[in-house]
Every structure is written in structure tokens, then in C-alpha cells.
Amino acid sequence: MFGSKKTPEEKAAAARISKIRGAAAAAGVTMLGGKFRSPNQMDVPIEGARVTIERGEEAKARITATRVALTGIFAIWLKKDMNKLFITIEGAGGEVLVQPVAASKEPQARIFATLVNGEATAPGE
């Protein structure tokens, strides 16, 4: 009679988004209005997003397409901090967001990636 009744699917989706929001905050990623956000970067919709995590020492060994896309040719001269993790969030529509976070937040970042990807993520993936 009062308000609308949510279907079990809608309740499950809302619960998933709530878990992702909490995990994102713990990992140092901002989530607003159904999108991951970071200053001066593209917003990435939650639905269809994939998350990868790299440690600074792994990321230093290569120049990623993401870095080139975000910084152009200057990516060659950018240095990555070895005390950081780099959380890369890729949207289904080609949007990309790279969020550096403290290496101490790796457990929270792995939980966040698992919730978004819907599967376990091994170190170095």
C-alpha cells in the first residue's frame, strides 16, 4: 500500500551496489550515482566494469595503454610510485579510470575487485 515493492532481483542488485560502495570506500575509490569517479578522469559506470590491480613494481616494468591514453606520449616519462597500488577500472563502453592507492590497502582493493568482477582476483592480475 505504501511505497513500491522491490522484486528479489532489485533487492539483490541494491545489496550488491551497497557492498561495492563500502568496498570502494575502503580501497580509496570514490563511487557516486552509480559510477566510479576520480578528478580529471572519465567516470566509469558500475555495471559492466572490470577492475584490475597492479603493484607499483609490476606497473613500472611496462607502459600501459591506459597511461598512454590518459597522458599521451608523456606516459613514457611518468614514474610510478613503488609504494602504491594502481587500481584500473575499465567500463564496458571503453571508459578508463586509474586510481593510485597506498600499498597497505591491497587487501581492501582485492575485496573491491572481487565484488566488482564477481570472481576472485589473484595477485598480479
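In which strand is the place of Ile53? Ile53 sits in strand β4. Helices (H or I, at least four residues) and strands (E, at least two) are DSSP runs, numbered from the N terminus.

This is a predicted model, in which local features need pLDDT of at least 70 and side-chain atom pairs count only at pLDDT 80 or more, while totals for chains, interfaces and linings use all residues. Residues are numbered from 1 along each chain as its sequence is written, and side-chain values use heavy atoms, with hydrogens and water left out.

## Confidence and overall layout

pLDDT is the predictor's confidence in each residue, from 0 to 100. The protein chain averages a pLDDT of 79, and 70% of the residues score at least 70. Over residues 121-125 pLDDT stays under 50; the model has 13 contacts for these residues beyond four places in sequence. A contact means heavy atoms within 4.5 Å. Where pLDDT is low, the predicted coordinates should not be read in detail.

The protein chain has 4 helices and 6 strands, in the order α-β-β-β-β-α-α-β-β-α from the N terminus on. Of its 125 residues, 34% count as buried. Buried means under 20% relative accessible area, exposed over 50%, and partly exposed in between (1.4 Å probe, protein chains only). Among contacts in the protein chain with a separation of 6 or more, 59% are accounted for by residues 24 or more positions apart.

## Nonpolar core

A nonpolar core is a set of buried Ala, Val, Leu, Ile, Met, Phe, Trp, Tyr and Cys residues joined through side-chain atoms within 4.5 Å. The largest one has 22 residues, of which Phe36, Val51, Ile87, Ile89 and Phe112 touch the most other members. At least two residues of this core are supplied by each of α1 (8-27), β4 (50-55), β5 (84-90), β6 (96-102) and α4 (106-117). The largest share, 5 residues, comes from α1.

Leaving aside neighbours within four places in sequence, Val51 is in contact with Ile87, Thr88, Ile89, Phe112, Ala113, Val116 and Asn117. Ile53 counts as buried because its relative accessibility is 2%.

## Helix α4

The 12 residues of α4 should span 16 Å at 1.5 Å a residue, and its end C-alpha atoms are 16 Å apart, which agrees. The expected span is 1.5 Å times one less than the number of residues. Glu106, Ala109, Arg110, Phe112, Ala113, Val116 and Asn117 are the buried residues of α4. Seen down the axis of α4, these fall within an arc of 160°, so they line one face of the helix. The arc is that of the directions from the helix axis to the C-beta atoms.

The buried residues of α4 pack against α1, β2 (35-37), β4, β5 and β6. The exposed residues Pro107 and Ile111 are on the face turned away from the buried side. Just after α4, Gly118 takes a positive phi of about 75°.

## Salt bridges

A salt bridge is a side-chain nitrogen of Lys or Arg within 4 Å of a carboxyl oxygen of Asp or Glu. A search of the whole structure finds 4 of them, including those tabulated here.

| Pair | Closest N and O atoms |
|---|---|
| Glu47 and Arg16 | 3.6 Å |
| Asp43 and Arg37 | 3.0 Å |
| Arg110 and Glu106 | 3.1 Å |

Glu47 counts as exposed because its relative accessibility is 55%, whereas Arg16 is partly exposed, with a relative accessible area of 31%. Asp43 counts as partly exposed at 29% relative accessibility, and Arg37 counts as partly exposed at 30%.

Arg110 and Glu106 both lie in helix α4, 4 residues apart, about one turn of the helix. Both are buried. A network of salt bridges links Arg55, Glu106 and Arg110.

## A positive phi in a loop

Most residues other than glycine have a negative phi. Asn40 has a positive phi, near 60°. Asn40 lies in the loop between β2 and β3 and is exposed, with a relative accessible area of 82%.
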